[in-house]
Amino acid sequence: MIIIRMRNEQKAHSFTIQARLLIRRAIRASIAAMGGGNHEVSVLITDNAGIRELNRTYRQIDRETDVLSFPMEDDGLLLGDIVLSLEKAYAQAEEYGHSPAREMGFLTVHSMLHLYGYDHMEEEERVEMRRMEEKILAAMGLYREDA
């Protein structure tokens, strides 16, 4: 059983049912790629100001970011929390020349991999994480050139 709790706290962009379903699908695809299992994931949709405040509070970095991951340490049902700036996702989609759906899918998968312990601080880790991201996104039919 996979439990996904989602809350929208931003008003900058419409958070459609399609966006909700896409994020749910990205979470489920990530869990499947990591071997499945029973998990609970919480997702907070916010704006740049909201994610900046959380980034400052929990990481002592006073700037906006696109997504934050808060893995749970107990290895139980609760996998962790994801915070996604929908405002930043739309801006990055435009900047990178692909759809907002592809960007939201990417950010969700990226965050899920962080919940599973992936990181990108070292080049080797970054390459492996990117490989997994692209594998999961391809399984979802979301490609970098998606527009």
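**Charged side chains in the predicted model**

The structure is a predicted model, in which local features need pLDDT of at least 70 and side-chain atom pairs count only at pLDDT 80 or more, while totals for chains, interfaces and linings use all residues. Residues are numbered from 1 along each chain as its sequence is written, and side-chain values use heavy atoms, with hydrogens and water left out.

Side chains of opposite charge can pair when their charged atoms come close. A salt bridge was assigned where a side-chain nitrogen of Lys or Arg lies within 4 Å of a carboxyl oxygen of Asp or Glu, and by this rule the count comes to nine salt bridges. One of these joins R7 to E9, with the closest N and O atoms 2.8 Å apart; R7 is partly exposed, at 48% relative accessibility.

A further salt bridge connects R102 with E134, for which the closest N and O atoms are 3.2 Å apart. Because R102 lies in helix 4 and E134 in helix 5, this pair ties together parts that are 32 residues apart in sequence, helices being DSSP runs of H or I with at least four residues, numbered from the N terminus. R102 is buried, with a relative accessible area of 2%, whereas E134 is partly exposed at 23%.

Within helix 5, the side chains of E123 and R126 form a salt bridge with an N to O distance of 2.7 Å; the two residues, being three apart in the helix, are separated by about one helical turn. E123 is partly exposed, with a relative accessible area of 48%, and R126 is likewise partly exposed, at 34%. Elsewhere, R52, R56 and D62 are linked in a network of salt bridges.

On the surface, D119, E122, E124 and E125 gather in a patch of negative charge. Such patches are made of residues with over 30% relative accessible area and no salt bridge, with like charges joined within 9 Å, and the place of a charge is taken as CG of Asp or CD of Glu. D119 lies in the loop between helix 4 (100–115) and helix 5 (123–140), and at 32% relative accessibility D119 counts as partly exposed.

Technical notes: Patches are made of residues with over 30% relative accessible area and no salt bridge: like charges are joined within 9 Å, nonpolar side chains (Val, Leu, Ile, Met, Phe, Trp, Tyr) within 5 Å. Accessible areas come from the Shrake-Rupley method with a 1.4 Å probe; for residues, only the protein chains shown count as cover. Lys and Arg count as positive and Asp and Glu as negative; His and the chain ends are not counted. Buried means under 20% relative accessible area, exposed over 50%, partly exposed in between (1.4 Å probe, protein chains only).
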